[in-house]
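These are my notes on what I looked up in this entry, kept in the order in which I went through it.

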Amino acid sequence: LEFAELKINARENEKLLSQDLQIASEFQKVFLMVPLPESNLFSVDLTHRCAGNLFFGGDYYDIFNLGNEEYLFMLGDVAGHGLKASFFTAILKAIIFSEYVKNNNSVSPALFLEWLNRRLYHVLSGTPDLFIAFSSFLLKAREKKAVFANAGQPPFMIVSEGRVEKISVPEIAIGVEEDTVYSETEYDLKSGDIVVMCTDG
């Protein structure tokens, strides 16, 4: 009888935990929701899928309208899955706009990655299995220019006139070395070009 009661209690606890995780997953989706910019100069498509049966992901993405048809696109992938990765995506969401984008009139993708690395290095370095792959690009839509920087993500790809070109080779991920200097790649866009950025998650 005691064993049967333990099994029933375990099933009930598992059901409650599953319900809590589903609620937390829905909260993460709403919290990370990004309004897509509307412009007559370009369009944006976004796809986000959690791997397998995972309730949470470690993916962070955001788009900031800097004014004058300039936009900063960001994509991060926190190593691992589950609550720890989800927690760090919430940290990214909380600090990137309030501490960096809002306080900088001119934004450089490489300088942003350097700031993010310095900002999070001491937290991430204390957890050996935790780092963040992150990429960012600045779209200057009126000038048809894009500026790319990449800290450990798959390369950006540009589909242009039927050809695919890889841009911005991945550099060291966020949280691995304290004083990492990132480089930028500038690209002249043509009408009809497609810029693709993705995580490996």
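I began with Asp 45, which I found in the loop between helix H1 (2–32) and strand S1, in a model that is predicted. I then checked Asp 45 against Val 196: the two are 151 residues apart in sequence, while their C-alpha atoms are 9.7 Å apart in space.

Next I turned to the largest pocket, for which I noted a volume of about 1000 Å³. Which residues lie nearest its centre? I listed Ser 43, Val 44, Asp 45, Val 195 and Val 196, out of a lining of 34 residues. I also looked up the strands involved, and found that S1 (59–67), S2 (70–78), S3 (132–140) and S8 (194–196) each supply at least two residues of the lining, with the largest share, four residues, coming from S1. Sorting the lining of the largest pocket by residue class, I recorded 20 nonpolar residues, seven polar and seven charged.

Last, I looked at a nonpolar patch on the surface, which is formed by Phe 131, Ile 172 and Val 176 and has about 230 Å² of accessible area together. I placed Phe 131 in the loop between helix H3 (109–125) and S3.

How values were computed:
Residues numbered from 1 in each chain as written. Predicted model: local features only at pLDDT ≥ 70, side-chain atom pairs only at ≥ 80, totals over all residues. Heavy atoms only, no water. 1 Å grid on protein atoms, 1.4 Å probe; cavity = no way out; pocket = protein on both sides within 12 Å on 5 of 7 lines; lining within 4 Å. Points joined across faces, edges and corners; volume = space filled by probe spheres on them. Nonpolar A, V, L, I, M, F, W, Y, C, P; charged D, E, K, R; others polar. Patch = residues over 30% accessible without salt bridge, like charges linked within 9 Å, V, L, I, M, F, W, Y side chains within 5 Å. Areas by Shrake-Rupley, 256 points an atom, 1.4 Å probe, with all protein chains shown as cover. Salt bridge = Lys/Arg side-chain N within 4 Å of Asp/Glu carboxyl O.
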